Amino acid sequence: MAKKNGSLNRRGFLKGAAAGAAASAASLVTNTSPAEAQRGGNAAAPVPAPTQEQIARDAGVVRPPATVRAVQRPGSDLMVQVLKDMGLEYVAGNPGSSFEGLQESFINYGNPPNRMPEFITALHEESAVTMAHGYAKAEGKPMIALLHGTIGVQHAAMSIYQAYYDRTPVLMITGRDEGFIQAHTAHDMSAMVRSFTKWDAQPRTLEESLTALQHAYNEAITPPMGPTLVVLDTEFQKEEARELKVPAYRPPQIAGIDAGKAKEIAEALLDAQNPRTEVRRLRTPQGVKLSVELAELVGASTGTGATTGPMSFPQRHPLCGPGASTAYDYTLGLEIPAAQASIIGPGLATLLARDTANVGFGGIVPVAGGRGARGGAGATNAAAIQADAEASLPLLIEEVKRQLTADKRRVIEERKAKHAEANRKARIEAITQAVETKRNGWDSSPVATARIYAELWPLIKNEDWCLASPSGFSGGHHVQLWDHNKPYSYLGGQGAGGMGYGAPASVGAALAAKSRNRIVINIQTDGDLNYAPGVLWTAVHHKLPMLTIMHNNRAWHQELMFVEYMCGVRGRGTDRGHIGTSLRDPFIDYAKMAAGYGMASEGPISDPSKLAAAFKRGLDSVKRGEPYLIDVITQPR
Amino acid sequence: MKTILGIAVFLLTSMLPIYAQRGNTQAPTSPVTGSAANGKALYYSYSCYACHGYNGETGRAFVGNWSANLANEENFIRFLRGRANVAPLTPSTSMPNFAENTLSDKQAKDIYAYIRTFKNAQPDLKNILLLNQIVEDASKPSTR
Ligand SMILES: Cc1ncc(C[n+]2csc(CCOP(=O)(O)OP(=O)(O)O)c2C)c(N)n1
Ligand SMILES: [Mg+2]
């Protein structure tokens, strides 16, 4: 620690206060012997008697001097200013003394206070990080998750891993207080999550803390994107900053392809008779815009990942689809391997050195014969260029424009018209086929999952909507029935298959949606919600535009099927397969659960003819800024 | 790797559109000797509904798509007994094996009797306005 200026005194005081608190707590517990109280506490060390001052603080009766502010310019104000300068919209967390200084700045510093970022009250650290995960998938940029020292970081661990595996940027901050509660500090706070955190720092001065926040933000948004963590000591949060300047923020330079490559690819795209672009998950909405511009300039039919995840090519764009002919003579892949050329940003394998615990996460560590996974090793085929696709597009577009001739333009315009017509026909054909299977169990009770998606679509198709929850367990019927035209139309899977994701990710997406006149749809599986349902309260508290429709099959159904299969393989009968896999005896009442958190709700509904009216009520509520939950009892799959 | 496979498996299995092989659209007419009432309880307690839906119309649906395995009681029992019992150990949603000591012939016949009460209740496509509208929209430019 470089700067202590007087903080030692304060630290000594706080240490005493902690011990004092423990001692007074012990003496308050009647029927408990002092020895027992000791065992429940920390160590067997003798507890010094608290001073009057310590007891007073603990009881909350100390008043600060009325006229003099203890600190004129607290370090945490500068921290918040740094976050403001980077355009961070939200910070989600629940209170912890390790960042009380910072929290005070979040809510009081600035004009107006508590804006950019706004404090979002999260009821669990896992929820805070997953909110940030969902927000980043919708918006292509991070928000902050604020975690209490040690224990808050531990609570957040799975969600940090999931965001990491999903290559999604999250800026995490944790506090560190050596003096107050020993159990909530650590020499190296980030160590417990370092193996799945992209970058972390534990700065030694206030000044370093400020630059660390900027560095962490830039690392988070530089591919491979991921969660980053800054440990902020309480003493830097609370110290008098005096004349210290807030460092100017400089965004990162993200490397794209070089001019030579851009020229070569542009030439190939323009020379081709039937060029194609394949677009998968880009980093930001800007990347999506650029991918459209490129496809339009060269008249390429385009494949999209918009039905499986965010930040891809608009599905109903006239160029999206197989095109007039599938005999493509030049295919360019953007963040996906393709026949002739692919531009693919670095994968998580480039971060392997950070796997300090040597965990060897599957799908990140290349495994012989293993399948590629989301966390993937980045470029995989010989033709692939390891560079961020989004950052490559401006140069590529510039090159194409430079090389375009009037003749080429004419040919391209003709080709585009043919593609548009062919893609329209292909869409009609696909949907005509799809609806045949979507009517399976149309009138059945409990409700068939396809009916939920079919009933919802006409009510949202003219809205700006975002489906934020993973849809695999509820049949993924939007893939065929809905149009995915926005970078955030569908935010895709959990990332690492970790349950407890749908609701908090939807809350995060709804944070993004709120100021953008957008609504968020959360088709929520029951097992997933029960990990940390407190996010429902967060949605209500912050008036988030989120419609939750339960896919309530009263089970961790995926696992029920697995266990049932196992029972069969072992010849022991499937009649006990429900043990530990089903959520019955009693059934959980989600409308009541939501109501308990203050959310408008209805259900359970098991008659499909009642869905449309309920969905309409729900959407009306959501558009008023009041989130809504509809419990629908569903067929399991 | 196991984790990843697990994730891949459950994501894939849950994403797969469920098309059974084309079977008979007409329900079998073979004799039924079991008790449908008992069968109903067994269909639930043995978690048949888990994959085939409460009405046999969803998930791995069989109503309106009756396979030869469901043509009569004998076929059904042979099918239950013949399911793979030496199977890959990776998590699977394929049909489990039902050995006789875990599900008697009588119980199987009861389940069969219950299944045979299932009716093909889905409306004709032409009567489902919602789905027709979606098909119609596909020929127009997207609204958003
Ligand atoms: C954190 C975590 N714990 C356990 C699992 C194992 N798991 C995979 S799917 C699943 C069941 C999910 O149940 P639900 O969300 O209700 O969806 P359903 O399959 O019922 O449609 C579980 C528990 C997991 N993926 N993540
Ligand atoms: Mg469930």
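Colleague: How do the residues of the shell around ligand 1 divide by type?
Modeller: This is a predicted model, so local features need pLDDT of at least 70 and side-chain atom pairs count only at pLDDT 80 or more, while totals for chains, interfaces and linings use all residues. Residues are numbered from 1 along each chain as its sequence is written, and ligands from 1 in the order in which they are written. Gly counts as polar here, and Asp, Glu, Lys and Arg as charged. The shell splits into six nonpolar, eight polar and four charged.

Colleague: Which residues come nearest to ligand 1?
Modeller: Being near takes a heavy atom within 4 Å. Of the 18 residues around ligand 1, the nearest are A:Gly497, A:Thr525, A:Asp526, A:Gly527 and A:His557.

Colleague: How far is a polar side-chain atom of A:Asp526 from an oxygen atom of ligand 1?
Modeller: Polar contacts are pairs of N or O atoms within 3.5 Å. A:Ala555 has a polar backbone atom 2.8 Å from an oxygen atom of ligand 1. For the side chain of A:Asp526, the distance is 2.7 Å.

Colleague: Which residues coordinate the magnesium ion (ligand 2)?
Modeller: Donors are N, O and S atoms within 2.8 Å of the metal (3.2 Å for Na, K and Ca). Here they sit at 2.0 to 2.1 Å. They belong to A:Asp526 (OD), A:Asn553 (OD1) and A:Ala555 (O).

Colleague: Are A:Asp526 and A:Asn553 buried or exposed?
Modeller: A:Asp526 is in helix H17, and A:Asn553 is in the loop between strand S14 and helix H19, 27 residues apart. Buried means under 20% relative accessible area, exposed over 50%, partly exposed in between (1.4 Å probe, protein chains only). Both residues are buried.

Conventions. Heavy atoms only, no water. Helix = DSSP H or I, 4+ residues; strand = E, 2+ residues; numbered from the N terminus. Polar contact = N/O pair within 3.5 Å; in protein donor to acceptor, adjacent residues only side chain to side chain.
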